[in-house]
Amino acid sequence: MHRTGELYGQFQTLDQQRESATLGMWVFLVTEILFFGGLFLTYTINRHAYGVAFGVGSNTLDLKLGGFNTAVLIASSFTMAMAVWASQTGRKTQVTVFLILTLILGSTFLGIKVVEYAQKFEHHLVPGQGFDISYHSQNPSATDTPREIAAEKEELEKAFSRDPYLNSHAQLYFSLYFGMTGLHALHMVVGAGLLIWLIRQSIRGRFTPDYNTPVELIGLYWHFVDIVWIYLFPLLYLIDRHK
Amino acid sequence: MSAPPATPGHQLPREHYLNSTYGIRSWLLTTDHKRIALLYLVSVTFFFFIGGMFATMIRIHLLTPTGYLVTPETYNRLFTMHGVAMIFFFLIPSIPAVLGNFLIPLMIGAKDLAFPKINLLSWYIYLVGGCFVLYSFSTGGLDTGWTFYTPLSSVYSNSAVTPAVIGIFINGFSSILTGLNFVVTIHTMRAPGLTWFRMPLFVWAHYATSIIFILGTPVIAITLLLAGLERMFHLGFFNPAMGGDPILFQHLFWFYSHPAVYIMILPAMGVISEIVPTFARKPIFGYSFIAGSSIAIAVIGFFVWAHHMFLTGESTYAALAFSLLSYLVAIPSAVKVFNWTSTLYKGSISYDTPMLYALGFIGLFLIGGLTGLFLACLGLDIHIHDTYFVVAHFHYIMVGGAVMGYVGGLHFWWPKITGRLYPEFMARTAAVILFLGFNLTFFPQFILGYLGMPRRYHTYPPEFQVFNVMSTAGASILALGYLLPMIYLTWSMRYGKVAGPNPWPATGLEWTTASPPMTENFPVTPEVDWEPYDFAHRPDISLTPGTPALAPAHGDD
């Protein structure tokens, strides 16, 4: 096994090695754009077809949690960028610190996602057999105020009158919600794993201004995952909010 | 025809990539691109057999109008599994993963690809995907067609769709990583002096193919993932009963699957671009145009997908646009055919086996390509869509084109890969048998299609029987044409005449190193200061030493 930082056999120079690795990561990110792109296209087409149902679906998402998550993820991108900067300027301890912060923020994001998913499960909004868009309004929990429930019932009534198949179309919305945020979360879990590896390397002092390629490349990956969320959040949470 | 220059008795190099290390682990855990190429050779040949077995059953079943071999449901499974095995597990990987992996580092003067471990990972991912698909085949198979149209595939089919879709999804990542590896390698690892326009056209072809791998494959991955999720969790993206849109599936599917056919043909065109100048002893005509046309095909190929959907009710305006673009994408292909033919003009042509395959390619690709234009014509497509005309068209390109390019390439580089020559007379005979068998199999299918025989049908009207019988007879000859090389190529690995570094001779960098090459490819990194196919400055491999070559190298075009 080669230690990181040494010249691998197939390359002529360290420069060539770094260039190749960087180009490789960028090409990989292009494939990821196309991968998520198919989902975004499907979302766009379905939203155009079933605007009412998508509006209703969007309204069930918790804007506070989603907004907080967005802030958390943007902050994690900032700490990641700081880690890269620290590695470029030889601040070895700071590299580790910033990487750990990034990991903490990323994990926070994932934790909140778990909370959101649990909520959806409770409200029978997971696509499949038990899916029912009206479930929550008919079975409110203790924390819901009567006004909120009445508003929800009214919204659903109006929506059903405009779209008799609201339940089916809302299920489409949630299929895409889980598909897109799920795929995104999966990428974040991979990112977290990469960060753990990076932190261990950083603790051993492996990253210097001469050699910080893994930090840069994983930083690229992390920023990409962040950008995907920047697109997901408005599309899923913000469009057609009535409240 | 002139025989290749007499090779003095050559010796195999003492140490080379095949014998440098021994043991199964040194092969299964190798990172040497040459060994990985051979691992792929074994795997794709295995899937070729699987797909060929299904084809055999199809053709036997179609000997009679009512068919006596299998039930209609089983027939659906036969053509589906034939398509899935051949397209995803044979054709798409074949030239890139076998010849591309072996040759690209050698052709650019590098020691290996940019990411050798990712290269090995690609092979293992391919195997995992293959296992899922084999599991699907052996637990009832698939009956949806290789195109997996919904909602049949995602809702109603009673076959093993889910494991197959998972297998193809996984296999897609093998392609993506190979494409990524090639792009980075070609950008960053060329030897000193090897500028882009000094690269062999085989490398250009693989660069263009890799662009398609990178941009297209993720889309089929997500599409099959959605279809699979729909089937597993009863979601509704593509199911009209739940508000979904089956046409959306078709758009997403063909957005990849059309460029996929260019993945299958571009590498073969790259092979032809190497073989033709060698056996015409002349630089290739129009080097920059051939290089550029590869890129053009890759790019334009992304804009024509809905020509597979002319009969789905798409708007006339959309259909017109896609029809026009489909005509446009034929132009760069035609440019290549003209350039290859011009290379032959006033060349000193020898009919060695690779050249026979290359000449066969040019003719058969021409027919296949032109019939593609028939299909791109809207009015005509209404009549011949979903008939045997389409089947004949794509088999002319994929078998008469891509597979002949693959087999021809295997022959051309066999001395480099194994250090030995195959028996020439047997090989030429097999090439002719293949060519004749191929045409007897597939030409009658053009007629059948035009007369109206639909594809994917297990029966047909009795008046079509004579053509079906011709086609099946041809298939048996074609099978022989494939079997013979498998036998004599394997035989030659032990008993073939030792080839030496450059038996043809040819001008590429790969021919300057030993056959078989050492593990690091070159003892010293080469420095390139010559143009490709430059017979003029290589009097040692010109017509006769000392006489001027037949044409200047590409720098003049």
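Okay, one definition to begin with: a residue is buried if 20 or more other C-beta atoms lie within 10 Å of its own, exposed if 12 or fewer, and partly exposed in between. Keep that in mind for A:F233, which has 18 other C-beta atoms within 10 Å and is therefore partly exposed.

Before we go on, what you're looking at is a predicted model. It scores ipTM 0.92 and pTM 0.94. For chain B, the mean pLDDT is 93, and 95% of the residues get to 70 or more.

Let's stay with A:F233 for a moment. You'll find this residue in helix α8 of chain A. Which residues does A:F233 touch, once we leave aside its neighbours within four places in sequence? Those are A:G66, A:T70 and A:L238. Look at A:T70 in particular: A:T70 and A:F233 sit 163 residues apart in sequence, yet their C-alphas are 7.4 Å apart in space.

Now zoom out to chain A as a whole. How many helices and strands does chain A have? Eight helices and zero strands. So if you walk from the N terminus, you read α-α-α-α-α-α-α-α. The C-alpha trace of chain A spans about 70 × 35 × 25 Å along its principal axes. Chain A has 243 residues, and 34% of them count as buried. And about those contacts across the sequence: take the contacts in chain A with a separation of 6 or more, and 78% of them come from residues 24 or more positions apart.

Here's one piece of chain A to look at, helix α2, residues 51-59. Its buried residues are A:A53, A:F54, A:V56, A:G57 and A:S58. What do the buried residues of α2(A) pack against? They pack against α1 (14-49), α6 (146-162), α7 (166-203) and α8 (213-238) of chain A.

The axes of α6(B) and α7(B) are 8 Å apart, and the two helices pack at an angle of about 155°. That makes α6(B) roughly antiparallel to α7(B), because angles over 145 degrees are counted that way. The crossing here is left-handed.

Helix α7(B), residues 201-233, also meets α3(B), residues 72-108. Their axes come within 10 Å and cross at roughly 125°. Because of that angle, α3(B) is oblique to α7(B). This crossing is left-handed too. On the α3(B) side, the contact is made by B:P96, B:G100, B:L103, B:I104, B:M107 and B:I108. Facing them from α7(B) are B:F202, B:V203, B:H206 and B:T209.

One more helix in chain B: α11, residues 353-376. It has 24 residues and reaches 34 Å from first C-alpha to last, close to the 34 Å expected at 1.5 Å a residue. Is α11(B) mostly covered or mostly open? Mostly covered, with 17 of its 24 residues buried.

Last stop, some backbone details in chain B. The peptide bond from B:T150 to B:P151 is cis, with omega near -5°. B:P151 is in the loop between α4 (116-138) and α5 (152-156). There's also a cis bond joining B:S515 and B:P516, with omega about -10°. B:P516 is in the segment after α15 (465-495).

Then there are two arginines with positive phi. B:R281 has phi of about 50° although it isn't a glycine, and it lies in the loop between α8 and α9 (287-300) of chain B. B:R456 has phi near 65°, and its place is the loop between α14 (424-451) and α15 of chain B. Buried or partly exposed, then, for B:R281? B:R281 has 22 C-beta neighbours inside 10 Å, so it counts as buried. B:R456 has 15 inside 10 Å, so B:R456 counts as partly exposed.

Technical notes
Residues are numbered from 1 along each chain as its sequence is written. Chains are lettered from A and ligands numbered from 1 in the order in which they are written. This is a predicted model: local features need pLDDT of at least 70, side-chain atom pairs count only at pLDDT 80 or more; totals for chains, interfaces and linings use all residues. pLDDT is the predictor's confidence in each residue, from 0 to 100. Helices (H or I, at least four residues) and strands (E, at least two) are DSSP runs, numbered from the N terminus. The expected span of a helix is 1.5 Å times one less than its number of residues. Axes are lines fitted to C-alpha atoms, for helices over the stretch in contact, and angles run from 0 to 180 degrees between N-to-C directions. Angles under 35 degrees count as roughly parallel, over 145 as roughly antiparallel, 65 to 115 as roughly perpendicular and the rest as oblique. A crossing is left-handed if the near helix is turned anticlockwise from the far one by less than a right angle, and right-handed if clockwise. Two residues are in contact if their C-beta atoms, placed from the backbone, lie within 7 Å.
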